[in-house]
Amino acid sequence: MDMKKDLVAASATPLVLAILAEGDSYGYAIIKRVTELSGGHLQWTDGMLYPVLHRLERQGHVAAKWSASENGRRRKYYRITREGRAQLAAQRRQWQVVDGTLRGIWTRTCTA
Amino acid sequence: MTTLADRPLEEQIAQWRAFVRRRPALHGPDVEELEGHLRDQLVALTDAGLAGDEAFLVAVKRMGSLDALSREFAREHSERLWKQLVIAPATADEPAAPAHTEILIVLGLAVAAALAIKVPALFGHPLSPDEELPPFYARNASLFVFPLLAVYFAWKRRPGTGHRRQDGSDVVRGLWLALPFAAGAVFANVFPFPSVSDTQMLTALHLPIALWLAVGFAYVRSRWFADGGRMDFVRFSGELVIYYVLIALGGGVFTAFTIMMFQAIGMKADWLVAGWVLPCGAMGAVIIGSWLVEAKQSVIENMAPVLTRLFTPLFTILLLVFLATMAWTGSPINVEREVLIGFDLLLVLVVGLVLYAASARDPRAQPDLFDRLQLLLVVSALVVDGVALAAIAARISEFGFTPNRVAALGENLILLVNLAWSARLYARFLRRRVSFAALEQWQIAYLPVYAAWAALVVVVFPPLFGYR
């Protein structure tokens with residue numbers, strides 16, 4: 001599916017935070033998880049994840065740490081912070097409002 | 001895994017790495033992180049059965065366009081962007097103006113500023129070497145050059161460079177930018193100041209501070225509320241001061257030679273220096289200095305943060321030794337006329353040190369020794385100022401209010417609030433309760449307060465104190 005760029009960008013923050021809320025992770029694994037969760041419908045340009053992660057890090061929503069990976073190279077792992085969880089909860093409420101509203105109007109148009 | 005031992009593939013990765021490294025917005029660790037991603041992707045693709053170079057092509061393609069990527073990185077890390085000021089233009093068909101157009105405009109504006117200061121002489125406000133600077137020039141000094149500086153930034157940051165025609169919104173924006181300067185011109189000249197007047201001097205000192213914010217609006221344009229915009233203006237201001245001082249040093253040498261050489265042939269060049277070289281040079285240098293800061297950011301490392309690093313420890317030691325000496329000897333602060341101003345300047349300096357330390361800091365770095373030192377500096381400055389304020393309050397209650405004392409006291413309070421809250425944020429940051437971004441946010445959110453107070457002094461003080 002060809003998604004609007006704006007929509008992909010807007011959903012990136014809650015998605016990344018939600019994935020990190022499942023457990024610490026790193027860039028490549030996050031992208032794999034997004035593809036998995038969306039059944040392949042949500043395709044990010046891989047590189048674009050990193051500016052998002054760095055922004056979240058600057059805002060204090062996630063914390064990062066370099067540690068060794070299984071292949072011997074250094075890898076940057078991200079962990080969600082308490083502020084990040086609060087942010088995730090707030091975003092979740094907002095998305096639920098959007099989702100609920102759209103559902104409401106679409107079920108009505110479909111049945112009509 | 002074995003495929004990663006492929007020599008050609010390793011070479012391709014190395015080539016890709018070198019290519020990415022050339023992007024100024026991407027720093028070493030970012031490149032390493034991206035390379036890690038590329039390698040993970042390569043392993044997955046080769047495990048899925050792709051050959052090495054096929055996998056490489058797919059992995060690089062999935063990484064996305066490097067232009068777009070480095071643009072995103074530049075947005076996110078504006079402290080890096082500052083050094084090169086190249087957000088690659090959003091679309092390729094938006095070329096920047098050719099360099100020589102900019103030089104012509106800068107030279108034109110500098111000459112205009114230099115001539116503007118001579119215009120009042122035609123209307124009975126002469127500048128002569130034998131007299132003191134007429135108050136008219138002191139009150140209006142910033143009005144000769146700041147509007148032209150705003151014009152330069154308005155031109156430089158005009159939207160839709162190249163192909164979009166000027167439309168109504170540009171005109172409206174221009175008028176909004178002109179408004180503060182027009183108001184400044186009115187308030188600097190409408191009041192009936194006597195020849196010797198404290199409130200007149202206050203106007204001369206405060207109008208530039210208020211108008212500098214208007215220059216800031218032109219500088220950051222629409223990024224005022226976006227993150228990074230105001231911090232960039234703070235960086236710009238610091239660098240401009242440094243360039244201006246350097247240009248002034250050169251100007252001093254130039255002036256000395258002018259006088260010396262004409263003296264050698266028995267002519268006095270005082271009128272030339274005082275009437276032309278000094279005033280015109282001082283005005284033109286603001287424009288030229290601004291252009292240099294804009295153009296040469298990548299050549300000179302940011303100097304203001306370097307000076308901050310250098311002087312933060314020294315001032316911390318000074319304040320601590322001062323406090324210890326005062327406690328040891330028990331000698332009270334001798335409240336002279338200038339003491340209040342002196343302690344105001346001390347607070348300005350400490351706020352400056354905090355501001356420029358924040359401007360150069362990577363907001364994501366962990367607290368280190370320098371941050372503790374900053375907190376110590378801020379706290380000791382607060383204590384010293386508290387002691388001074390107590391002494392000054394006693395004097396004011398004894399001799400009553402004057403415009404100078406009220407202005408100095410107001411500034412002291414404004415700076416004290418800033419520093420007290422900064423100290424609190426620093427302490428929380430050191431205990432890792434908030435991120436450094438909170439401190440940076442506080443500092444830049446506070447900037448309009450200074451301008452608002454300065455505007456208040458210019459607009460309200462003269463009538464309030466009967467122009468004395």
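**A buried glutamate and the contact around it**

Let's start with B:Glu76. B:Glu76 is buried, because 21 other C-beta atoms lie within 10 Å and the cut-off for buried is 20 or more. Keep in mind that this is a predicted model.

Where does B:Glu76 sit? Its place is in helix H4 of chain B. Now look at its partners. Set aside the neighbours within four places in sequence, and B:Glu76 is in contact with A:Pro51, A:His54 and A:Arg55. B:Gly228 is 152 residues away along the chain, yet the two C-alpha atoms are separated by 8.9 Å.

Next, the contact as a whole. Chain B puts in 19 residues, and chain A puts in 18. Which one gives the most? H2(B) does, with 8 residues. By type, that side of chain B divides into 8 charged, 6 nonpolar and 5 polar.

Over to chain A, and helix H2 (residues 27-37). The buried residues there are A:Gly27, A:Tyr28, A:Ile30, A:Ile31 and A:Val34. Why do they share a side of H2(A)? Because they cover an arc of only 165 degrees around the axis. What do they pack against? In chain A, helix H1 (5-22), strand E1 (25-26) and helix H3 (49-58); from the partner chain, H2 of chain B.

One last stop. Just after H2(A) comes A:Gly39, with a positive phi of about 60 degrees.

That's my tour. Over to you.

How values were computed. Residues numbered from 1 in each chain as written. Chains lettered and ligands numbered in written order. Predicted model: local features only at pLDDT ≥ 70, side-chain atom pairs only at ≥ 80, totals over all residues. Contact = placed C-beta atoms within 7 Å. Helix = DSSP H or I, 4+ residues; strand = E, 2+ residues; numbered from the N terminus. Nonpolar A, V, L, I, M, F, W, Y, C, P; charged D, E, K, R; others polar. Buried ≥ 20, exposed ≤ 12 C-beta atoms within 10 Å, placed from the backbone. Arc of directions from axis to C-beta.
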